[in-house]
Amino acid sequence: TKPVCETDRLILRLPQHTDFRSWVDLRSDSRDFLSPWDPVWSEEHLTRRNFTARVYWAQRAVKNGSGCPLFLVRKTDQALVGAVTLDNIRRGPAQAGTLGYWTGEQFARQGYMREAVTGLVAHAFRKLDLSRIEAACLPENQASRGLLESCGFKYGNNRNRRRKCCCKSASESCRKINFQCNSGSRSKWLIGNIKFRNQENDYYF
């Protein structure tokens, strides 16, 4: 599969059917690590049937431009590290997408996800011509909050909810904190909406 983008240590590409065993092993080994932040796993979560559906969904999402679900593969040994997804891509005035991600426990806190998020955001701005990236995390998930902040997301205020956001142009009208994100030689204003989820079923990834 042709990589969508690459970082210093990672290849970001679409999931393949042959990734099934690596995906199951990584998710299984990391279940306790991921479960506080994931939606409740269904009984079918780790089945071949469910994974096959995910692969086809990823292919359709890229083909119709609604999303960009990618696996993170380490260059040195082809190990599956985790996944990052740009979903719910909206065109027209919004030009926005929603970011989600997870990493296996054994690869956590080694900078892999920061590489992946930075790479995918750059791809979204340069190749997909998006103007805004949104992300969500639980307020007690300090690691996720730290990751997003290190990647340039800032808090704003929108409809009395705590958010993070960024705009492509300084003239864009929104009640959010705007900041400049340099992407190569091009500068864009990001809107990184980070919505703090409550106990309702307000999950993204």
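Which residue in E6 does Leu99 stand opposite?

Tutor: In this predicted model, Leu99 stands opposite Ala135 in E6. The two strands concerned are E5, residues 96–103, and E6, and they run parallel, joined by four bridges. Strand E6 itself, residues 132–137, is mostly covered, with five of its six residues buried.

Tyr112 lies in helix H4. Buried here means under 20% relative accessible area. Because its relative accessibility is 6%, Tyr112 counts as buried. Leaving aside residues up to four places away in sequence, Tyr112 touches Arg9, Leu10, Arg74, Val81 and Phe107. With one of these, Arg74, the side chain of Tyr112 forms a polar contact of 3.2 Å. In sequence Tyr112 and Arg74 are 38 residues apart, while their C-alpha atoms are 8.9 Å apart in space.

Helix H3 spans residues 48–64 and reaches 24 Å from its first C-alpha to its last. Within H3, Phe51, Val55, Ala58 and Ala61 are buried. Seen down the axis of H3, the buried residues fall within an arc of 130 degrees, so they line one face of the helix. The cover over these buried residues includes helix H1 and strand E3. On the face of H3 turned away from the buried side are the exposed residues Arg49, Lys63 and Asn64. Just after H3, Gly65 takes a positive phi of about 80 degrees.

Technical notes:
Residues are numbered from 1 along each chain as its sequence is written. This is a predicted model: local features need pLDDT of at least 70, side-chain atom pairs count only at pLDDT 80 or more; totals for chains, interfaces and linings use all residues. Side-chain values use heavy atoms; hydrogens and water are left out. Buried means under 20% relative accessible area, exposed over 50%, partly exposed in between (1.4 Å probe, protein chains only). Two strands pair if DSSP finds at least two bridges between them. Contact means heavy atoms within 4.5 Å. A polar contact is a pair of N or O atoms within 3.5 Å; within protein, one must be able to donate a hydrogen and the other to accept it, and residues adjacent in sequence count only if both atoms are side-chain atoms. The expected span of a helix is 1.5 Å times one less than its number of residues. The arc is that of the directions from the helix axis to the C-beta atoms.
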